[in-house]
Amino acid sequence: MTFRPVLERADKRPILIAGPCSAETEEQVLQTARELASDGMIDLYRAGIWKPRTRPGEFEGVGAPGLAWLKKVKEETGLKVTTEVGNREHVFEALKAGVDVLWIGARTTVNPFSIQEVADALRGVDIPVIVKNPVNPDLKLWMGGIERIYKAGITRLAAIHRGFSFHGETSYRNVPHWQIPIDLRRNFPDIQIFCDNSHICGRRDTLQEVAQKAMDLNFDGLMTEVHPTPDEAWSDAAQQITPAQYKLMIESMVFPQANSADPIFVQHMNDLRHEIDEIDEDLLNLLGRRMKIAEKIGEYKKENNIAVLQTSRWNEILSKAVKHGAKKGLSEDFVTVVLKAIHDESINHQIRIMHGEEAVK
């Protein structure tokens, strides 16, 4: 698959998409657009017309009448506009109103029937489409949503990383799981990826931190929710900021270049990457040796009818590794994730010894 850019800038600066979570009134939509357009801050103006909500009775958007307000935004400011579509009717209404870019929300991406309905409605239309990640951390589901739109003939396609639902304590509204958009880029090398820092954070005070991380990871742009009076917003008030706050955030950020043509820089990078490649090879050799020892342990357990999992031993390994890792500047989370993966592989090797290959499938 070959993707064309949804938006491009001659100066290669990241694409900036901003506007209110929901279009609430004509004045609110126009006021936000005027302030964002006044300094040429953004490339695309966003506003939700139809809002999928968790529970009935919550504000679900003004609906099709709000599309006329987006038309006025285009006429008054010259900004391109985008809104979310979740079904066939939304697509037809948005196209009729001259919306420049469509985006597909997380609750639509998660349902192959819904995203196929949108794809069918777009067949034969050449319009840019941005696909948000599904609510759950499922790379293949995200890829599948993009592929369905692509097969409908849409090649101006991008992705939005808005984080993933998580049950438990977390400082995020939606946990970013940065490796998932990185893996998306690995599978679709030329697709643009934008970061929706508003939905990842769910609060104002961490918006810049998350936006900066996305830029450091070479994302292609940002989608941020901006409202003239955020505390009075009809939806997602806590994560929205004023146009002035948005301007300050953007001006405070660093936008790194993707690459450098400086031959000295390139040589230094190649040397350091060669060192990393050698270390990675050593790590894999050590892990291979570790698994051979785990298999010997599995053989002794089999001979003596001993259970594979020894909880006290696993707790001892993890506790020692976390303490040792801290001395080496490694975080507890990192050490725990790595050791759990190694332990799971060791368990699988021992189960194969105990019961054969089929036992771990």
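Contact, on this tour, means heavy atoms within 4.5 Å, and helices (H or I, at least four residues) and strands (E, at least two) are DSSP runs numbered from the N terminus. The model is predicted, so local features need pLDDT of at least 70 and side-chain atom pairs count only at pLDDT 80 or more, while totals for chains, interfaces and linings use all residues. Residues are numbered from 1 along each chain as its sequence is written, and side-chain values use heavy atoms, with hydrogens and water left out.

**Helix α5**

Select residues 112-122, which make up α5, and colour I115, V118, A119, A121 and L122, which are buried (under 20% relative accessible area with a 1.4 Å probe, protein chains only; exposed is over 50%, partly exposed in between). Looking down the axis of α5, you will find these buried residues within an arc of 165°, so they line one face of the helix; the arc is that of the directions from the helix axis to the C-beta atoms.

Then move to the start of α5, where a side-chain oxygen of N111 comes to within 2.9 Å of the backbone nitrogen of F113. After α5 comes G124, with a positive phi near 90°.

**Aromatic pairs**

Show the rings of Phe, Tyr and Trp (its six-membered ring), which pair if their centres lie within 6.5 Å, with planes under 30 degrees apart counted as stacked, over 60 as edge-to-face and the rest as tilted. The count by this rule is four aromatic pairs. Select F3 and F188, whose ring centres are 5.3 Å apart and whose planes stand at 65°, so the pair is edge-to-face. F3 belongs to the segment before β1 (15-19) and F188 to the loop between α7 (179-187) and β7 (192-196), so the pair ties together parts 185 residues apart in sequence. Both F3 and F188 are buried.

Go on to W178 and F219, an edge-to-face pair with 5.8 Å centre to centre and 75° between the planes. W178 sits in the loop between β6 (157-161) and α7, and F219 in the loop between α9 (207-216) and β8 (221-225), 41 residues apart; W178 and F219 are both buried.

**Cysteines**

Finally, select the cysteine sulfurs: the structure holds zero disulfides, a disulfide being a pair of cysteine sulfur atoms within 2.5 Å. For C21, the nearest cysteine sulfur is that of C201, 14 Å away, and C21 counts as buried at 0% relative accessibility. The sulfur of C195 lies 7.6 Å from its closest cysteine sulfur, in C201, too far for a bond, and C195, at 0% relative accessibility, counts as buried.

How values were computed
A polar contact is a pair of N or O atoms within 3.5 Å; within protein, one must be able to donate a hydrogen and the other to accept it, and residues adjacent in sequence count only if both atoms are side-chain atoms.
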